[in-house]
Amino acid sequence: MKAFNTSLNKKGDDDYFNRLLSYFQSQFFGKIIQFKPIRNLVFLLKTAKHTYIMKGYHRNSRLRLQEAFTATLKKEGFLKTYLFLAPPVKEQLFFEGTYFGCIEYIAPNKTPFSFHTQKNRQDGIELLEQFHQTTASFQYRYRTLLPKGHLKEKWRERLHIFSNNLPFLRYFMNEPFISEMISWADWSLMGMEKHGSFFRNEPFVILHGDVAHHNFLRDRKGSLHLIDFDLISIGPPSFDYLQYANRILPHIDWSFKKLASLKQIKKYLPEEAFLYALAYPADIFREWNRLIREKSYNDQAKLNQVLELSISQFYTRKKFIDQLQELLK
């Protein structure tokens, strides 16, 4: 049996990994020939005949929701994703408080997806648009099962946590960087509140909620797939497009012109609410709050990534926000 344990290095993690492997081997009818971690509670498992992705959930209801949602997506015509499968096992997989689902394996392209190229940025947003178009037709069926997307409330909380972290932040950043970031957030939230009717009146879809590059997967044949629906909610599609814009702007030098070249976003640019929301530094707050919450600021590589996002791009981001503020005078 080959068990590849390449990314776990703490003894406790190794012990858990080995126990889990033993449990899976006791439950699968076929012999496991490869088992390796991908990220927290996500593993690649290969038998002699098939390859699977095994994903853990702390509640069975969460697993069942994901199974139902991905099945509905496929049934309604969105084919660029995975299905949950019935694995060849003796009973439902439940190990040390975690329920495991078995996901169809999509063999990845040799070149990982990223937002560095115009083609990927275009392909990604077109796939996201297809996802919204599909979920618009059945979102009403999931309204009692999914939370409603509350972007302003989420961003207010993120700003609150960032502000409470100021004693830590001042060890790594000086003024005027911190106060300027907070002023961008305040201005953005004020405008979103003032023009909030736009978001309320936009037709609802099921939002993906995490349109990071790692949730787009290009397969070996070059087709792009959308994966990982753990953060789905009900809301206006503009919420996903705002997150998408925030993710790609660092890769297009914070260029308003390049952002407007994406027709899915261009249609929102006449809307004041959307322009205000573009100014919110969601990425900076998210990464600093995570760095401090996880106490990983001693990891120089992680710290450098957040500093690059915050300081190295500060003035190009500021120029972009100045342009937004000029448009909204």
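These legends walk through a few close-up views of the structure.

The model is predicted, so local features need pLDDT of at least 70 and side-chain atom pairs count only at pLDDT 80 or more, while totals for chains, interfaces and linings use all residues. Residues are numbered from 1 along each chain as its sequence is written, and side-chain values use heavy atoms, with hydrogens and water left out.

**View 1. Thr47 in strand S2.** Strands here are DSSP runs (E, at least two residues), numbered from the N terminus. Is Thr47 buried or exposed? Thr47 is buried, at 7% relative accessible area (buried means under 20%, exposed over 50%, with a 1.4 Å probe and protein chains only). Leaving aside neighbours within four places in sequence, Thr47 is in contact (heavy atoms within 4.5 Å) with Phe28, Lys31, Ile32, Ile33 and Tyr52.

**View 2. A salt bridge between Asp123 and Lys119.** Look for a side-chain nitrogen of Lys or Arg within 4 Å of a carboxyl oxygen of Asp or Glu: that is a salt bridge. Here the closest N and O atoms are 3.0 Å apart. The two residues sit four apart in helix H3 (residues 118-136), so about one helical turn separates them; helices are DSSP runs of H or I, at least four residues. Asp123 is buried at 18%, whereas Lys119 is exposed at 54%.

**View 3. Glu129 meets Lys263 in a salt bridge.** Their closest N and O atoms lie 3.6 Å apart. This pair links distant parts of the chain, with Glu129 in helix H3 and Lys263 in helix H10 (residues 263-266), 134 residues apart. Glu129 counts as buried, at 18% relative accessibility.
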